[in-house]
Number of protein chains: 2
Amino acid sequence: MPANNQNNLNNGISVDCVIFGFDFEKLQILLIEREPGKKDNPLDYALPGDLIYNDENLDQAANRVLKELTGLENIYLEQSAAFGSLDRTQRESDRAWLESVRDQPDLRVITISYYSLVNINAFDPKPSSFASKLVWKPVAEIEDLAFDHFDILNQALDNLRNRLKIRPIGFNLLPEKFTLSQLHKLYEAILGRELDKRNFRRKMAKLDLVVRLDEKQQGVPHKPSNFYKFNTENYQKLIEEGYDNFGF
Amino acid sequence: MPANNQNNLNNGISVDCVIFGFDFEKLQILLIEREPGKKDNPLDYALPGDLIYNDENLDQAANRVLKELTGLENIYLEQSAAFGSLDRTQRESDRAWLESVRDQPDLRVITISYYSLVNINAFDPKPSSFASKLVWKPVAEIEDLAFDHFDILNQALDNLRNRLKIRPIGFNLLPEKFTLSQLHKLYEAILGRELDKRNFRRKMAKLDLVVRLDEKQQGVPHKPSNFYKFNTENYQKLIEEGYDNFGF
């Protein structure tokens, strides 16, 4: 970070960003690899995060920190939760790292976490500042992370899943024309569980959220599926009417 | 607060508690009346909240602060959100109050909000510390509050309503035996909108969440209604199966 901003740091508050990425198969998460090349240890992976400045609000801080560490911008970040347990920075392997990047490594820091869900193919994260390497990892394979970042990830995952029940999200991650199988896979990836295909299609049809196009897949080895598009008009109508029951 | 804890204050972080109360008619909220007796000004009402100590985590701080200001304890507080806008303590009427209760009134403070929903009749708040008077006010009648507490209230209300869609809550606010009208009124009070009576009863029946008792109201001026009780067993079963679609 720029040296002239050191006096402006709020040493008591940080932000951490949980960036979920969908690659049309799995839900992944963007992590800083703290010791590139070393033997794979889950505790060496951390969320992009840093102290806030005193002259920015929390949303601004989250956007700035994400951009500084990963180059990502224009991503809608939703606040997830605050974490303030007393031992969150006390693990031995985190202490050394904190001492290398912080002026006051011993100060208690409370973090506010944010999350987002993006199409992996549409973004190209580039490590900078103290992030030497960035990696996408499948969420389902993560067993632990640096600091309390595993708790932060799990809370964000809960929030993302609950959000999906109240408002359909993720349509913007699919191509404009998509098959019902792709949509089904997106929902399964986010919810982390299998969804009965017939129930899923029935509910989508009932809500009138997708429109069947007069166009099929081409050059696929299986029976070609029909393409659909998102019914933006009806979605707006449902939301305006206060409909909020999109769970499966 | 005890004088010997002054050095232990974290001047950068506070907690604020949004305590919703149900009185079998309306959803209310517990507020500190800062200037009892003065002309009714919405900006004179504040949420119970204070700075955290450096040796407690956020949940502990919320429970301690609530107890110190209102006497309430053993209430399940759920974290709601973090608020950190730069102008949240800059209103003239709040400055004077801050100067009277804080050692460093100019320091930027980020607050973590918590909320709970209680049966008003089961709790008897008693003002203490810097809370000179406490009042319950109907949520629907509140147009503004001190600091950014109106935003904090609205965010907590959103969270409470979203929670209701994912898990049925509030059964513990009703008597053990209740009528479907009482349950219907509870849901309407929380959601802040009318719910079609027949749809409501149909969904409750479909989910098997209530059990009809062989007992009716007595001594009521209208046709006596049947009593019901909560079907704890089936509720547990639904939750274990991952059912999370309780919206109306």
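This briefing covers the chains, domains, interface and selected residues of the structure above.

The model is predicted: local features need pLDDT of at least 70, side-chain atom pairs count only at pLDDT 80 or more, and totals for chains, interfaces and linings use all residues. Residues are numbered from 1 along each chain as its sequence is written, while chains are lettered from A and ligands numbered from 1 in the order in which they are written. Chain A is divided into two domains, domain 1 (3-165) and domain 2 (168-240). Chain B can be laid on chain A with an RMSD of 0.0 Å.

**Chain A overall**

- Chain A holds 6 helices and 9 strands. Helices (H or I, at least four residues) and strands (E, at least two) are DSSP runs, numbered from the N terminus.
- The C-alpha atoms of chain A fill a box of roughly 60 × 40 × 30 Å, taken along the principal axes.
- Of the 248 residues in chain A, 32% are buried. A residue is buried if 20 or more other C-beta atoms lie within 10 Å of its own, exposed if 12 or fewer, and partly exposed in between; the C-beta atoms are placed from the backbone.
- Among contacts in chain A with a separation of 6 or more, 72% join residues 24 or more positions apart. Two residues are in contact if their C-beta atoms, placed from the backbone, lie within 7 Å.

**Domains of chain A**

- The domain bounds come from an automatic or database domain assignment.
- The centres of domain 1 and domain 2 of chain A, taken over C-alpha atoms, are separated by 31 Å.
- In chain A, 11 residues of domain 1 are in contact with 10 residues of domain 2.
- On the domain 1 side, strand 6 (110-119) and helix 3 (149-166) of chain A are the elements that give two or more residues. Helix 3 of chain A gives the most, with 4 residues.
- That side of domain 1 of chain A has 7 nonpolar, 1 polar and 3 charged residues. Ala, Val, Leu, Ile, Met, Phe, Trp, Tyr, Cys and Pro count as nonpolar, Asp, Glu, Lys and Arg as charged, and the others, Gly among them, as polar.

**Chain A with chain B**

- The superposition of chain B on chain A takes a turn of 180° and a shift of 0.0 Å along the axis. That is the relation of a two-fold axis. Copies are superposed by least squares on the C-alpha atoms of residues with pLDDT of at least 70 in both.
- At the interface, 24 residues of chain B are in contact with 24 residues of chain A.
- Strand 1 (9-22), strand 5 (78-83), strand 6 (110-119) and helix 3 (149-166) of chain B each supply at least two residues to the side that touches chain A.
- The residues on that side of chain B divide into 8 nonpolar, 11 polar and 5 charged.
- The copies meet through the same surface, because 100% of the interface residues of chain B are also interface residues in chain A.

**Helix 3 against helix 3**

- Helix 3 of chain A and helix 3 of chain B pack at an angle of about 80°, with their axes 10 Å apart. Axes are lines fitted to C-alpha atoms, for helices over the stretch in contact, and angles run from 0 to 180 degrees between N-to-C directions.
- Helix 3 of chain A is therefore roughly perpendicular to helix 3 of chain B. Roughly perpendicular covers angles of 65 to 115 degrees.
- N162(A), K165(A) and I166(A) make the contact from chain A, and N162(B), K165(B) and I166(B) from chain B.

**Selected residues**

- V139(A) is found in the loop between strand 7 (134-138) and helix 3 of chain A. V139(A) counts as buried, with 21 C-beta neighbours inside 10 Å. Leaving aside neighbours within four places in sequence, V139(A) is in contact with L27(A), Q28(A), I29(A) and L157(A).
- E141(B) lies in the loop between strand 7 (134-138) and helix 3 of chain B. E141(B) counts as exposed, with 10 C-beta neighbours inside 10 Å.
- F147(B) is found in the loop between strand 7 and helix 3 of chain B. F147(B) counts as buried, with 25 C-beta neighbours inside 10 Å. Phi of F147(B) is near 50°, a positive value in a residue other than glycine.

Conventions: Parallel < 35°, antiparallel > 145°, perpendicular 65-115°, else oblique.
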